[in-house]
Amino acid sequence: MAKSKQIYVCSECGAEYSQWFGLCKECNEFGTISEEPIELSNGGFSRGGWQSGNKTTKIKSPAKPRVSVKFTDINNDEQARFPSGYKELDRVLGGGIVPGSLVLIGGDPGIGKSTLLLQVANQLSIRLPRILYVSAEESGQQVKLRASRLGVEGTNGDSTENSNGKKASIPDNSLYVMPETDLEEILRELESLKPQVAIIDSIQTLHFAALTSAPGSVAQVRECTSALMQVGKRENITLLIVGHVTKEGAIAGPRVLEHLVDTVLYFEGDRYASHRLLRSVKNRFGATHEIGIFEMADKGLIEVENPSELFLGNRDELAPGTSTVVACEGTRPIVVELQALVSPTSYTSPRRSTTGVDLNRLQQILAVLEKRVGIPLSKLDAYMASAGGLTVTEPAADLGIAIALVASFRDRTVDPRTVLIGEVGLGGQVRLVSQMELRLKEAAKLGFKRAIVPKGQSLPDDIGLEVIYISKVIDAIISAIPSERNQNTDFDE
Ligand code: TYD
Ligand code: MG
């Protein structure tokens with residue numbers, strides 16, 4: 001007998017309600033709740049213990065012998081991780097792929113998830129005997145077409161190097177492609193092929209026949225993932241699952257699955273810029289907030305090993321209102337150029353707009369500059385952007401934002417070989433930030449000569465650049481922005 005139930009589910013976070021609401025109380029998204037009929041045909045199918053929809057079935061089982069084990073008896077051999085073939089991905093995963101883990105890779109449609117995973121599949125297939133790429137969105141020919149564009153030729157044995165400097169062949173055809181959307185077929189293939197790694201592209205297009213709801217609905221996405229997870233854990237298959245980020249509508253986004261999976265990575269970037277960031281937001285086997293950086297080229301994604309160069313803008317053209325900061329993404333320092341433009345407004349209330357910088361941060365710093373330093377900015381428009389579109393949300397960038405604003409206001413050029421690091425407090429004081437040594441070493445490595453940092457920050461002597469300690473924003477302005485007299489100073493001296 002089929003059981004049916006009517007619930008209202010948020011496609012953003014998966015929260016369930018018994019009635020419709022405009023605003024989801026869990027994630028505060030508007031218009032993401034939709035009605036979802038759930039119909040289960042007799043608890044789905046059973047696959048070595050996997051049962052769907054048995055939430056309502058209460059099974060009374062007799063007492064069983066104890067199955068818990070002593071903590072000290074558990075083997076704590078660090079499971080051997082294996083490399084994905086891309087150092088940037090390995091870094092985000094915490095040092096390589098953990099066998100049997102389930103990794104969710106979320107991102108906006110068209111950002112490059114399929115491209116990344118096809119490249120990863122290719123690299124893995126060079127070292128491992130069986131890699132399965134389940135393409136639920138594209139046909140076999142379409143995957144092949146993309147592969148040949150990426151330089152993945154699929155010829156047996158002879159390997160050539162493509163533009164990524166990576167081996168571009170599939171030895172002995174160990175990469176298997178399966179264009180399929182039916183979950184049961186995929187589970188069957190996983191059990192018979194037993195690949196070391198299986199890539200599912202994407203979870204929103206999979207379909208589990210026992211559920212009447214459409215592919216991509218919260219129920220489908222959840223059931224498909226948990227079924228894949230059970231088979232994956234049992235057979236020790238690493239699963240890399242693609243999830244599209246969706247704003248509104250009836251398709252469930254990857255956040256619905258975050259609690260289920262071991263690792264959640266987001267692939268993001270500006271559609272109009274070529275760089276892509278792989279960011280970890282949850283990782284059971286490593287630190288989060290690590291990022292990996294890739295560049296989308298005409299032949300696929302290329303790893304960026306020295307990201308600071310990407311975010312430094314054009315160093316030959318000195319523009320007024322530009323400053324340089326060192327942001328820290330996880331354990332990775334990145335030197336970023338910030339640009340400010342302050343101009344008379346033609347509106348009754350001035351415009352404040354940012355790209356890659358937190359708008360609230362900008363407004364707070366404008367207020368501090370007005371009140372504590374006495375710079376009349378409240379009647380001026382203020383625009384702030386980071387070069388290359390990298391999102392800098394850290395408070396450590398505050399000092400750079402403040403100096404860029406003042407430099408633009410006074411139409412001065414800040415020495416391009418100076419970096420500014422520090423958090424600006426509401427009283428106009430500059431506060432200490434974490435990982436200062438790491439940040440300064442990165443700046444020194446890139447040829448910066450001077451750093452303006454908060455007073456009290458303890459640093460070794462051999463840091464490789466001149467360090468100026470300041471305690472107030474006003475001191476930083478005096479040190480960083482040349483007075484009118486020496487504005488023509490040749491910075492190359
Ligand atoms: P894709 O991997 O299909 O995105 P997703 O799976 O996240 O939806 O990437 C599609 C975009 O990448 C598309 O706009 C074109 C671009 N692209 C390149 O620039 N170079 C390439 O070699 C490839 C394969 C794609
Ligand atoms: Mg895709």
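A polar contact is a pair of N or O atoms within 3.5 Å; within protein, one of the two must be able to donate a hydrogen and the other to accept it. The views below show a predicted model.

**View 1. Polar contacts of the Ser174 side chain.** Ser174 sits in the loop that runs between α3 and β6 (175–179). A polar atom of the Ser174 side chain is 2.6 Å from the backbone oxygen of Ser125. The side chain of Ser174 also reaches the backbone oxygen of Leu128, at 3.3 Å. Ser174 counts as buried because its relative accessibility is 5%, and the limit for buried is under 20%.

**View 2. The surroundings of ligand 1.** In this model 17 residues surround ligand 1, and the closest are Gly110, Lys113, Ser114, Thr115 and Gly300. Thr115 places a polar side-chain atom 2.6 Å from an oxygen atom of ligand 1. For Gly110, a backbone N or O atom lies 2.7 Å from an oxygen atom of the ligand. A polar backbone atom of Gly300 is 2.8 Å from an oxygen atom of ligand 1. Ligand 1 taken alone exposes 550 Å², and the protein buries 76% of that area. Two or more residues of the shell come from each of α2 (113–127), α3 (140–149) and β11 (291–297). The largest share, three residues, is given by α2. Sorted by class, the shell around ligand 1 holds five nonpolar, six polar and six charged residues.

**View 3. The salt bridge between Arg234 and Glu191.** The structure holds 17 salt bridges, and one of them joins the side chains of Arg234 and Glu191, with an N to O distance of 2.6 Å. Arg234 belongs to helix α5 (residues 218–235) and Glu191 to helix α4 (residues 183–193), so this pair ties together parts that are 43 residues apart in sequence. Arg234 counts as partly exposed, at 39% relative accessibility.

**View 4. The salt bridge between Arg279 and Glu268.** The side chains of Arg279 and Glu268 meet in a salt bridge at 2.7 Å, N to O. Arg279 is in strand β10 (residues 275–283) and Glu268 is in strand β9 (residues 263–268); the two residues are 11 apart, and the pair links distant parts of the chain. Arg279 is buried, with a relative accessibility of 16%, whereas Glu268 is partly exposed, with a relative accessible area of 30%.

View 5. Asp415 and Arg417 form a salt bridge in which the closest N and O atoms are 3.5 Å apart. The relative accessible area of Asp415 is 10%, so Asp415 is buried. Arg417 is partly exposed, at 24% relative accessibility. Arg361, Asp398, Glu423 and Arg431 are joined into one network by salt bridges that share partners.

**View 6. A nonpolar patch on the surface.** Val69, Phe71 and Ile74 form a nonpolar surface patch, and their accessible area together is about 370 Å². Val69 is found in the loop between β3 (33–41) and α1 (87–93). With a relative accessible area of 63%, Val69 is exposed, the limit for exposed being over 50%.

Technical notes:
Residues numbered from 1 in each chain as written. Chains lettered and ligands numbered in written order. Predicted model: local features only at pLDDT ≥ 70, side-chain atom pairs only at ≥ 80, totals over all residues. Heavy atoms only, no water. Patch = residues over 30% accessible without salt bridge, like charges linked within 9 Å, V, L, I, M, F, W, Y side chains within 5 Å. Areas by Shrake-Rupley, 256 points an atom, 1.4 Å probe, with all protein chains shown as cover. Salt bridge = Lys/Arg side-chain N within 4 Å of Asp/Glu carboxyl O. Helix = DSSP H or I, 4+ residues; strand = E, 2+ residues; numbered from the N terminus. Buried < 20%, exposed > 50% of the residue type's maximum accessible area, 1.4 Å probe, protein only. Near = heavy atom within 4 Å. Nonpolar A, V, L, I, M, F, W, Y, C, P; charged D, E, K, R; others polar.
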